[in-house]
Amino acid sequence: QVQLVESGGGSVQAGGSLRLSCKASGFDYDTYSMAWFRQSPGKEREGVAGIYTGNGKTEYIRAVLDRFQISQDTAKKTMYLQMNNLKPEDAAMYYCARYTQRFRYIAALSEENFSHWGQGTQVTVSS
């Protein structure tokens, strides 16, 4: 049974940092692409960053480029999102997600390409 469990959310002031973790289980972690999504009230869920676990290739949306870093520890089957210089607009529920197909890089950071989701971890950023 696929399980994704996020942790590390919290409340910070603008300019602060947080590191999110996503612990995966129930599947061969290093054969699937993974990603972080976020959703704030009244907005659609958006992809933030993705990683192909097989070779560590990453991608980011423009809004977080140079501030967020996605990484992983394949031995621990854990994905991370280091978030620096947080802005109020980064406040959201953050979700980790697993790509639908094995051995495929992420075609697009879109919800329909991901089949399994965690419960989310809340990030609050005060100005």
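## A tour of rings, charges and strands

Start by selecting Arg45 and Tyr95: the charged end of Arg45 sits over the Tyr95 ring, 4.6 Å from its centre. A charge counts as sitting over a ring if NZ of Lys or CZ of Arg is within 6 Å of the ring centre and within 35 degrees of the ring normal.

Before you click on, note that this is a predicted model, where local features need pLDDT of at least 70, side-chain atom pairs count only at pLDDT 80 or more, and totals for chains, interfaces and linings use all residues. Residues are numbered from 1 along each chain as its sequence is written, and side-chain values use heavy atoms, with hydrogens and water left out.

Next, pick Arg98 and Tyr32. Arg98 lies over the face of Tyr32, at 3.7 Å from the ring centre.

Now for the rings. The structure holds six aromatic pairs (Phe, Tyr and Trp rings, the six-membered one for Trp, with centres within 6.5 Å; planes under 30 degrees apart are stacked, over 60 edge-to-face, the rest tilted). Show Phe37 and Trp117, an edge-to-face pair at 4.8 Å centre to centre with 65° between the planes. This pair links distant parts of the chain: Phe37 is in strand 4 (residues 32-39) and Trp117 in strand 10 (residues 114-117), 80 residues apart. Strands here are DSSP runs of E, at least two residues, numbered from the N terminus.

Colour by accessibility and Phe37 comes up buried, at 0% relative accessible area, while Trp117 is partly exposed at 24%. The cut-offs are under 20% for buried and over 50% for exposed, with partly exposed in between (1.4 Å probe, protein chains only).

Four strands make an open, antiparallel sheet in the order 1-3-8-7, where two strands pair if DSSP finds at least two bridges between them. Its edges are strand 1 (3-7) and strand 7 (68-73), each pairing on one side only.

Zoom in on strand 8 (residues 78-83), which is joined to strand 3 (residues 18-25) by six antiparallel bridges. Which residue of strand 8 is the bridge partner of Leu18? Select Met83 to see that partner. Six bridges also join strand 7 to strand 8, again antiparallel, and here Gln69 has Gln82 as its bridge partner.

Last stop: the hairpin of strand 7 and strand 8. Four residues lie between the strands, and Lys77 takes a positive phi near 55°.
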